[in-house]
Amino acid sequence: MAIIRQLEHRELERFAKHTETEGTYSIVELDGKKYLQIDTYGSKQRQDRGKISQSLRLSQEAIEQLLKIIKTNF
């Protein structure tokens with residue numbers, strides 16, 4: 001798992017098609033600070049169904065950056 005405190009723009013050199021998967025989010029509070037945690041799960045073909053594949057935890061600063069990115073680009 002990783003805590004993301006800052007997002008930096010980077011252009012992709014190549015694009016790959018991604019498979020769809022399930023995702024969940026949680027609000028986590030640690031040491032008086034709130035984080036948005038996003039978890040993804042393996043594909044339906046994965047042997048261990050329902051097991052978390054990746055977790056990202058965003059700090060308040062990263063959430064604010066993400067909101068600006070979304071408002072600007074979508």
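# S59 and its surroundings

Setting aside residues up to four places away in sequence, S59 touches I4, R5 and Y35, where touching, or contact, means heavy atoms within 4.5 Å. This is a predicted model, in which local features need pLDDT of at least 70 and side-chain atom pairs count only at pLDDT 80 or more, while totals for chains, interfaces and linings use all residues. Residues are numbered from 1 along each chain as its sequence is written, and side-chain values use heavy atoms, with hydrogens and water left out.

**More about S59**
- You'll find S59 in the loop between β4 and α1; helices (H or I, at least four residues) and strands (E, at least two) are DSSP runs, numbered from the N terminus.
- S59 is buried, with a relative accessible area of 2%; buried means under 20% relative accessible area, exposed over 50%, and partly exposed in between (1.4 Å probe, protein chains only).
- The side chains of S59 and E61 are joined by a polar contact of 3.0 Å.
- A polar contact is a pair of N or O atoms within 3.5 Å; within protein, one must be able to donate a hydrogen and the other to accept it, and residues adjacent in sequence count only if both atoms are side-chain atoms.

**The sheet**
- Four strands make up an open sheet with mixed pairing, in the order β1-β4-β3-β2; two strands pair if DSSP finds at least two bridges between them.
- The edges belong to β1 (2-4) and β2, each with a single partner strand, so one side of each has no neighbour in the sheet.
- On average, neighbouring strands here are turned by 30° against each other, direction ignored.
- Axes are lines fitted to C-alpha atoms, for helices over the stretch in contact, and angles run from 0 to 180 degrees between N-to-C directions.
- β1 and β4 run parallel, joined by three bridges, and I4 stands opposite L58 in β4.
- β3 pairs with β4 (residues 52-58) in the antiparallel sense over six bridges; R57 in β4 is the bridge partner of Q37.
- Eight bridges link β2 (residues 23-30) and β3 (residues 33-41), again in the antiparallel sense, with G23 opposite T40 in β3.

**The turn at D31**
- Two residues separate β2 and β3, which form a hairpin, and D31 sits in the loop between these strands.
- D31 isn't a glycine, yet it has a positive phi of about 50°.
- With a relative accessible area of 82%, D31 is exposed.

**The nonpolar core**
- I4, L36, L58, A62 and I63 are the five residues of the largest nonpolar core.
- Such a core is a set of buried Ala, Val, Leu, Ile, Met, Phe, Trp, Tyr and Cys residues joined through side-chain atoms within 4.5 Å.
- L58 touches I4, Y35, L36, I63 and L66, again leaving out residues up to four places away in sequence.
- In soluble globular proteins, nonpolar side chains tend to be buried together.

**The helix and N73**
- Helix α1 (residues 60-73) lies across β1, β3 and β4, running at about 95° to β4.
- N73 belongs to helix α1 and counts as exposed at 53% relative accessibility.
- The side chain of N73 reaches the backbone oxygen of I69 at 2.9 Å.
- N73 and T19 are 54 residues apart along the chain, and 23 Å separates their C-alpha atoms.
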